[in-house]
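Please open the model in your viewer and keep the selection panel at hand. The tour goes from one selection to the next and says what is there.

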Amino acid sequence: MAETSSEREHLLASEIGSTNASEDDLSDSLKDRHPNNISIEHTVDPERFLSTKYESLDYDITENIVHLREEKKQTYKDVAKMQAVRWVVSLMIGVLTGLVASFIDFSVETISAFKYSTIKQYVDKCIEEDCIYIPMMIWLAYNALFCLIASCLVVFIEPCAAGSGIPQIKCFLNGVKIPHVVRFKTLVCKVIGVTCAVSGGLAVGKEGPMIHSGAVVAAGISQGRSTSLGLDLKIFEYFRTDTEKRDFVSGGAAAGVAAAFGAPVGGVLFSLEEGASFWNQALTWRIFFTSMISTFTLNIMNSYIKHRPWDLSYPGLINFGSFNALTYSGFELPIFVVMGALGGILGALFNFINHKLTLFRLRYMYYKGAQVIEPVVVSIMTATFGFMSIYINNDCKPNSETTEEMRVQFFCDDGFYSSSTNLFFDTPESSVKALFHAVAGSFNVSTLASYTAGYFFLACWTYGLSVPSGLFIPSLLIGAGWGRLVGIGVAAIFPDQEWADPGKYALIGAAAQLGGIVRMTISLTVIIVEATGNVTLGLPIMLALITAKWFGDWEGIYDMHIHLQSVPVLGWEPPNLSSNINAREVMSHPVTVLHIKEKVGDIVDLLKKEVHNGFPVVDNLESPQLSGSHRTFGRFRGTILRHQLIVLLKLKVWEENSDFIKLQSRLQMSDFRDNYPRYPPIHHISISPIERNYTLNLEPFMNTAPYTVSENMNVIKNSAMQTWHLYALLMLVTGTVQKPPSPKQARGSHVTTCLYNACHVAVRAKCAVKCVPVEGENEKH
């Protein structure tokens with residue numbers, strides 16, 4: 001049976017990651033499977049391979065005659081109208097994101113209430129009739145069923161809906177085109193999947209996926225159509241470009257954060273700190289407006305759902321409760337710093353374990369059956385852990401200490417309830433609130449210790465499963481668990497002191513743990529402060545988060561998963577020790593170029609052969625001549641993108657066309673935006689044998705002012721970040737881009753440097769791996 005593309009990729013990943021595979025086997029595997037037949041001379045870590053399935057988004061404006069013609073027609077009235085439409089679209093994104101969040105929250109609460117009430121009925125009955133195994137089996141069955149639904153949606157319908165989606169959105173905003181990341185089908189699978197995953201008892205939250213959901217909503221609304229549904233409303237057509245979509249997706253991601261935590265300012269900062277690589281002042285205001293509308297919409301919807309219309313006290317999916325009476329003293333600050341350090345260390349351990357588990361999945365869990373079964377197994381283990389913890393801890397408290405609906409007796413005597421049920425027998429958001437606000441003495445030390453340790457490893461195991469899942473809530477639960485333990489210890493050392501509140505330390509521990517895992521500082525501080533409603537706690541939270549980042553700083557879990565997915569994402573800063581690398585060493589020969597006037601047949605053959613999204617346009621191109629150690633390929637005149645060539649071929653805009661002059665003068669930017677973002681492949685363009693000999697003039701359509709750099713420009717020169725990002729927009733050549741050696745490698749006399757194929761046009765090309773030894777520090781490559 002022939003292998004599918006997905007199976008081939010999984011098999012290749014398995015072969016690359018296998019520690020038992022020989023170098024020759026690995027080289028032969030890549031030779032057979034890669035179209036360019038590039039060999040491997042040295043084995044490297046799997047995460048250092050860059051996938052061949054990713055392309056770049058075209059964030060650079062194509063300054064050609066067609067574009068300038070459209071710009072010249074615009075008036076001040078048109079510009080003002082376009083700005084007003086942008087605000088309208090931002091409003092719609094905020095409203096719809098809030099509605100999606102409300103639907104997820106209502107669904108999870110309804111399903112969880114039914115599930116736990118059913119189990120409680122059987123628990124109360126079976127305590128007397130000695131059939132306690134029945135509620136346990138019902139618990140396991142509920143979890144398994146919901147997780148089976150969630151995993152099937154991801155594995156068989158839309159794999160891009162797995163996880164929180166934050167790494168994919170970061171890549172999208174960085175300029176990498178992630179397949180299916182903002183599709184309507186992805187949104188449906190995400191919403192239903194995360195509802196089932198949370199209801200299925202997995203150690204996940206629904207807040208992280210809201211960021212992805214908001215981004216998908218923004219991408220769809222801003223385009224005025226859905227290609228998945230075949231629906232085109234013929235509105236917002238001007239926004240059908242990667243640049244405009246990127247800005248709206250930034251707003252959608254921020255709206256998702258705002259809806260998740262009731263933190264509009266935190267949403268803006270999250271989009272700035274973790275998401276967008278491109279920012280401006282006007283975008284800041286629109287994103288803040290979108291976040292505010294998202295929170296307001298969710299607030300209104302939740303007020304009606306809870307039968308308290310226009311009681312606007314439900315701003316986010318998670319409610320941390322009131323911390324208004326909570327204060328702290330100056331001598332507690334060192335304790336907060338130590339807790340931040342502990343959060344950073346535990347966060348680094350969490351990321352390390354999850355990294356190893358993800359590598360294991362890449363090597364051995366690539367079959368669809370295994371991807372479906374694993375979440376079911378984890379859900380059963382989670383339910384078993386919860387049931388056994390309640391049974392073993394037997395943490396019984398008097399009924400007078402809780403409300404009627406929270407009382408679950410389980411194995412306690414009459415008149416008592418099991419306080420462990422506040423942790424295991426409720427939604428994750430309710431468990432967080434219990435850890436923050438339960439009175440001192442509500443939980444035994446053994447209960448908190450076992451819960452924190454067990455939930456830590458369950459959350460490690462869960463993140464990366466083939467289900468939609470968020471990491472915010474599990475991180476908060478882990479941190480709140482050990483933070484409350486710290487609070488109990490402080491209260492034991494300083495008895496009868498009002499400031500020794502376990503709930504306060506639970507909050508600081510939750511912030512430290514989350515910061516240690518995701519390595520965010522500014523935005524996370526604002527999010528937690530907004531969620532608590534207490535600005536006074538800003539300083540302790542900032543201290544904990546900064547310390548957590550310092551102690552655990554390697555890379556956050558989202559960046560780690562980006563690298564494990566082999567996405568060629570560009571960092572904020574150039575690599576260390578790259579000051580001795582210039583443009584000549586980064587870009588190499590041979591270069592695939594086009595003449596200003598090119599034969600139609602040659603263009604078609606080139607597009608069928610090459611996978612790159614853009615090409616340099618040159619004149620005076622003769623047979624490549626050697627000039628010293630460098631080859632010349634003509635005088636550079638501009639760049640042209642793949643989709644532009646396909647549109648020109650589709651419309652038959654060649655010089656031999658009898659209506660060529662009229663067709664060229666009538667050609668508009670809307671003709672290039674009509675098929676956005678799914679342009680037809682070159683194989684679907686019908687070209688007759690006679691038309692292959694016709695001539696296509698590229699000069700009116702190419703970008704005559706692309707970003708260029710001197711071949712001697714240093715990677716780190718004056719402003720390193722601007723130069724580094726300029727390389728991301730560079731399209732002088734298509735060929736091999738060298739990845740600079742790590743500091744550890746650079747200290748040796750013989751280093752192994754991985755090269756990956758690229759076409760930095762505003763378009764990254766398909767990536768093909770090649771490893772070669774590089775002798776000497778300054779040797780030319």
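In what follows, buried means under 20% relative accessible area, exposed means over 50%, and partly exposed lies in between, with a 1.4 Å probe and protein chains only. This is a predicted model, in which local features need pLDDT of at least 70 and side-chain atom pairs count only at pLDDT 80 or more, while totals for chains, interfaces and linings use all residues. Residues are numbered from 1 along each chain as its sequence is written, and side-chain values use heavy atoms, with hydrogens and water left out.

Select tryptophan 87 and phenylalanine 289, whose aromatic pair is edge-to-face, with 5.4 Å centre to centre and 70° between the planes. Here rings of Phe, Tyr and Trp (its six-membered ring) pair if their centres lie within 6.5 Å, and planes under 30 degrees apart count as stacked, over 60 as edge-to-face and the rest as tilted. Tryptophan 87 belongs to helix α4 (residues 76-129) and phenylalanine 289 to helix α11 (residues 281-305), so the pair ties together parts that are 202 residues apart in sequence; helices are DSSP runs (H or I, at least four residues), numbered from the N terminus. Tryptophan 87 is partly exposed, at 34% relative accessible area.

Go next to tyrosine 366 and tyrosine 367, a tilted pair because the planes stand at 45°, with ring centres 4.5 Å apart. Tyrosine 366 is buried at 14% relative accessible area, whereas tyrosine 367 is exposed at 53%.

Finally, select threonine 452 in helix α16 (residues 445-462). Threonine 452 is buried, with a relative accessible area of 9%, and, leaving aside residues up to four places away in sequence, touches Ile478, Gly481 and Trp482, where contact means heavy atoms within 4.5 Å.

Notes:
Helix = DSSP H or I, 4+ residues; strand = E, 2+ residues; numbered from the N terminus.
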